[in-house]
Amino acid sequence: MFAEHIGKCSNKVKNVVERGAVKKFAEAIGDPHPIYWDEETGKKSRYQRNIAPPTFPRVFDYGVIEGLKLPSKGLIHGEQRFHYERPLFVGEELYCYAKVEDYYEKQSSMGELGFLVITNYGEDPSGSVIFTSTSTIIITEAVRKAMVV
Amino acid sequence: MTKISELKVGESLPEVKLPPVSRLDLIKYAGASGDYNPIHTIDEEAKKAGLPGIIAHGMWTMGNLAKLFTPYYEEGFVQDYSVRFKSMVFLNDVVTLKATVKEKEDHALRFDVAAVNQDGKEVVKGEVVFSVY
């Protein structure tokens, strides 16, 4: 039920790396370093502005992948990876979308597990990819069966 | 502070031991990240999901682990960061964050990174490629 969606993308959504959201996020991961929120520190840095922590893309809106329905409960976040061309700048605009990269099933001690791989992309206004964020989500047999009902 | 680029293979960044995981930590992360899955904040929902109690968001631990690299922002940036969520983090767990240089290239350092609980169990394990300017 997921394999048919491989290759599908969501529509691009404009996101702004919001100053307040970055500060709140940095605090929530226990990393309130001034490079993330203090304007003076940002100006004096090589970036000449504040930057965002590497896991910040969790907060962006990546739009909707047509037809892809995920259960609201029972998903397991198995793996996560980020790739950056450069750090994200506070205040910049990014165009974000998601793509179903892969889906496969593997037999395990917990039954047949489904692995859904989704990559989130963030592009600058000129269309260059600044970051990708790839999540591997594990969907157990029980959760998949409950979805069919 | 030592420059990150001067670290040798086998050397580590200073470890960070987090305070015991509190419910408020997870409520704050839910709010800041937009991940309101109730297994991270509400006991009954965690129990309904078959868990002994609420568990930390994997991304909370991953986010914490990245802060080992924050002080070196003038020298470079985290170019690649990949982890596997190996085990659950529960309330009151004491998590220690670690990063050790695995390989050195011309303009990058490859680190093994891990978050380890009070029993020495790796809860998050992965790799960081820190690109040096």
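Me: Over how many bridges do E1(A) and E3(A) pair in the antiparallel sense?
Reply: Strands (E, at least two residues) and helices (H or I, at least four) are DSSP runs, numbered from the N terminus. Two strands pair if DSSP finds at least two bridges between them. Val13(A) has Cys96(A) as its bridge partner in E3(A). E1(A) and E3(A) pair in the antiparallel sense, and the number of bridges is 4.

Me: What pLDDT do local features need in this predicted model?
Reply: Residues are numbered from 1 along each chain as its sequence is written, chains are lettered from A and ligands numbered from 1 in the order in which they are written, and side-chain values use heavy atoms, with hydrogens and water left out. This is a predicted model, in which totals for chains, interfaces and linings use all residues, side-chain atom pairs count only at pLDDT 80 or more, and local features need pLDDT of at least 70.

Me: Which residue in E4(A) is the bridge partner of Cys96(A)?
Reply: Strand E3 (residues 93-108) of chain A pairs with E4(A) in the antiparallel sense over 13 bridges. The two strands form a hairpin with 2 residues between them. For Cys96(A), the bridge partner in E4(A) is Gly122(A).

Me: How many of the 13 residues of strand E4 of chain A are buried?
Reply: A residue is called buried at under 20% relative accessible area, exposed at over 50%, and partly exposed in between (1.4 Å probe, protein chains only). Strand E4 covers residues 111-123 of chain A and is mostly covered. Of its 13 residues, the number buried is 12.

Me: Which residue in the turn between E4(A) and E5(A) has a positive phi?
Reply: E4(A) is joined by 10 bridges to strand E5 (residues 129-139) of chain A, and the two run antiparallel. Within this pairing, Thr119(A) stands opposite Thr134(A). The hairpin has 5 residues between its strands, and the residue in the turn with a positive phi, about 95 degrees, is Gly127(A).

Me: Which residue of E2(B) stands opposite Phe82(A)?
Reply: Strand E2 (residues 75-84) of chain A is joined to E5(A) by 9 bridges, and these strands run antiparallel. E2(A) also pairs with E2(B) in the antiparallel sense, over 5 bridges. In E2(B), the residue opposite Phe82(A) is Tyr81(B).

Me: Which strands stand at the edges of the sheet?
Reply: An open sheet is formed by 10 strands in the order E1(A)-E3(A)-E4(A)-E5(A)-E2(A)-E2(B)-E5(B)-E4(B)-E3(B)-E1(B), with antiparallel pairing. An edge strand has a single partner strand, so one of its sides is left without a neighbour in the sheet. The strands in this position are strand E1 (13-16) of chain A and strand E1 (16-17) of chain B.

Me: What area is buried between chain B and chain A?
Reply: Contact means heavy atoms within 4.5 Å, and 29 residues of chain B are in contact with 31 residues of chain A. Buried area is the accessible area (1.4 Å probe) that two parts lose on being put together, summed over both. Carbon and sulfur atoms give 57% of the area buried here, which is about 2700 Å².

Me: Which element gives the largest share of the side of chain B that touches chain A?
Reply: Between the two chains, the count of salt bridges (a side-chain nitrogen of Lys or Arg within 4 Å of a carboxyl oxygen of Asp or Glu) is 3. Helix H1 (23-33), helix H3 (58-66) and strand E2 (76-85) of chain B each give two or more residues to the side that touches chain A. The largest share, 10 residues, comes from E2(B).

Me: Which residue of chain B meets Glu79(A) in a salt bridge?
Reply: Glu79(A) stands opposite Thr136(A) in E5(A), and at 29% relative accessibility it counts as partly exposed. The N to O distance is 3.0 Å, and the partner is Arg84(B).

Me: How many residues of H3(B) are buried?
Reply: The buried residues of H3(B) include Met59(B), Trp60(B) and Leu65(B). The helix is largely enclosed by the rest of the structure, because, of its 9 residues, the number buried is 8.
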